[in-house]
Amino acid sequence: WSYMSYLPSLYGSSACLDHAVVCIVARVWYIIAPNGEVGERGVIQLYLRAIKSLQIALNCPTQRLAADVLCATEILALYEVSDSSTLMSFAETVYR
């Protein structure tokens, strides 16, 4: 996850990456505070937005091989297969 430490500096440079980051952060917040502002429905909506954004980037010949698209793909894969402890570890890595 060494590239994850670069996420804060890359935020805002790619819609695809931004949507993936917002999605994973919302999921972490939901795990921390399930009764907070971001409910399960909100997390799923952000996930669907991130998937749509990734699909658009993958369909674009000039974007599909970009590093930010790969990073977004890995973040969304992490969202799909991780349990709460893995996501918390991810969040700590990015925060450092």
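1. A crossing is called left-handed if the near helix is turned anticlockwise from the far one by less than a right angle, and right-handed if it is turned clockwise. In this predicted model, the crossing of α2 and α3 is left-handed, and that of α2 and α4 is likewise left-handed, while α3 passes α4 in a left-handed crossing too.

2. As to the overall make-up, the protein chain comprises 5 helices and 0 strands, so that from the N terminus on its elements read α-α-α-α-α. Of its 96 residues, 31% count as buried. Among the contacts with a separation of 6 or more, 67% come from residues 24 or more positions apart.

3. The pair α2 and α3 packs at an angle of about 160°, the axes being 8 Å apart. Because angles over 145 degrees count as roughly antiparallel, α2 and α3 are therefore roughly antiparallel to each other. On the α2 side the contact is made by Ala-15, Cys-16, His-19, Ala-20, Val-22, Cys-23, Ala-26, Arg-27 and Tyr-30, and on the α3 side by Glu-40, Val-43, Leu-46, Tyr-47, Arg-49, Ala-50, Ser-53, Leu-54 and Ala-57. By class, this contact of α2 with α3 has 13 nonpolar, 2 polar and 3 charged residues.

4. For helix α2 (residues 15–32) and helix α4 (residues 67–81), the axes come within 8 Å and cross at roughly 20°. Given that angles under 35 degrees count as roughly parallel, α2 and α4 are therefore roughly parallel to each other. From α2, the residues Cys-16, Leu-17, Ala-20, Val-21, Cys-23, Ile-24 and Arg-27 take part, and they meet Asp-68, Val-69, Cys-71, Ala-72, Ile-75, Leu-76, Leu-78 and Tyr-79 of α4. The contact of α2 with α4 contains 13 nonpolar, no polar and 2 charged residues.

5. The axes of α3 and α4 come within 11 Å and cross at roughly 145°. Here Val-43, Tyr-47, Ala-50, Ile-51, Leu-54, Ala-57 and Leu-58 of α3 meet Val-69, Ala-72, Thr-73, Leu-76, Tyr-79 and Glu-80 of α4, and by class the contact of α3 with α4 has 11 nonpolar, 1 polar and 1 charged residues.

6. Which residues have the most contacts inside the largest nonpolar core? That core has 20 residues, and the ones with the most contacts inside it are Leu-17, Ile-75 and Leu-76. Each of α2, α3 (40–59) and α4 supplies at least two residues of this core. Leaving aside residues up to four places away in sequence, Leu-76 touches Ala-20, Cys-23, Tyr-47, Ala-50, Ile-51 and Leu-54. Two of these, Ala-20 and Cys-23, are listed in the contact of α2 with α4, whereas Tyr-47, Ala-50, Ile-51 and Leu-54 are listed in the contact of α3 with α4.

7. A last point concerns Gly-42, which lies in helix α3. Is Gly-42 buried or partly exposed? Since buried means under 20% relative accessible area and exposed means over 50%, Gly-42, at 23% relative accessibility, counts as partly exposed. The C-alpha atoms of Gly-42 and Ala-26 are separated by 8.2 Å, the two residues being 16 residues apart along the chain; Ala-26 is also one of the α2 residues in the contact with α3.

Note on methods
Residues are numbered from 1 along each chain as its sequence is written. This is a predicted model: local features need pLDDT of at least 70, side-chain atom pairs count only at pLDDT 80 or more; totals for chains, interfaces and linings use all residues. Side-chain values use heavy atoms; hydrogens and water are left out. Axes are lines fitted to C-alpha atoms, for helices over the stretch in contact, and angles run from 0 to 180 degrees between N-to-C directions. Helices (H or I, at least four residues) and strands (E, at least two) are DSSP runs, numbered from the N terminus. Angles under 35 degrees count as roughly parallel, over 145 as roughly antiparallel, 65 to 115 as roughly perpendicular and the rest as oblique. Contact means heavy atoms within 4.5 Å. Ala, Val, Leu, Ile, Met, Phe, Trp, Tyr, Cys and Pro count as nonpolar, Asp, Glu, Lys and Arg as charged, and the others, Gly among them, as polar. A nonpolar core is a set of buried Ala, Val, Leu, Ile, Met, Phe, Trp, Tyr and Cys residues joined through side-chain atoms within 4.5 Å. Buried means under 20% relative accessible area, exposed over 50%, partly exposed in between (1.4 Å probe, protein chains only).
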